[in-house]
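User: I am new to this structure and would like to learn how to read its features. Please guide me step by step.

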Amino acid sequence: MASTQTKTRAGRTARFRKISVAGIATAGTAAAALTLIPSPAQAAEPTASTVPASKSAAVAAEKSYPDNLDGWIRESLDIMKAKGIPGSYEGLHRNIMRESAGDPDAQNGWDINAQNGTPSKGLLQVIQPTFDTYHVAGTPNDLTDPVANITAAANYAADRYGSIDNVDSAY
């Protein structure tokens, strides 16, 4: 049985790598810019098994989070859990470090979005239209607020890719 599991796992890994390489090869930089434009799809919605929004806000308000990257990620994860948005600490941290190196004031002034007057901002480099579409109630309505930025980006990634954990490049 272990041999079968190993073969299955190896097959999945090879298939995933093949799909990932093919996707990266065909996507190009234009696709990276285009994926930042919100789709008409609905943002991730809470599932029936999630905590009601009023209770989740109370739980987040009761907890104390440090005002640093670790605290912002942990607060976002608590909100995401309450709202039924998938994602892990590792997935958020990996994407934040790639997108902004952990700087909540980071702003992209050179890509196609910036050239069109809508620069990417914050920890996860979100543009304003995407933030407006995927903003999560209970977080500040401010694109550069670290918790709001992380949570909206995770909501977008969940809608587009299934989870922020599935994002390994510009999204």
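User: Which atoms approach each other at the start of H3?

Analyst: A polar contact is a pair of N or O atoms within 3.5 Å; within protein, one must be able to donate a hydrogen and the other to accept it, and residues adjacent in sequence count only if both atoms are side-chain atoms. Here, a side-chain oxygen of Asn-68 comes to within 3.2 Å of the backbone nitrogen of Asp-70. This is a predicted model, in which local features need pLDDT of at least 70 and side-chain atom pairs count only at pLDDT 80 or more, while totals for chains, interfaces and linings use all residues. Residues are numbered from 1 along each chain as its sequence is written, and side-chain values use heavy atoms, with hydrogens and water left out.

User: What span should helix H3 have?

Analyst: Helices (H or I, at least four residues) and strands (E, at least two) are DSSP runs, numbered from the N terminus. The expected span of a helix is 1.5 Å times one less than its number of residues. The 15 residues of H3 (residues 69-83) should therefore span 21 Å, and the end C-alpha atoms are 21 Å apart, which agrees. After H3 comes Gly-84, with a positive phi near 80 degrees.

User: Is Trp-110 buried or exposed?

Analyst: Buried means under 20% relative accessible area, exposed over 50%, and partly exposed in between (1.4 Å probe, protein chains only). Trp-110 counts as exposed because its relative accessibility is 65%. Trp-110 lies in the loop between helix H4 (89-100) and helix H5 (112-115). By contrast, the buried residues of H3 include Trp-72 and Ile-73.
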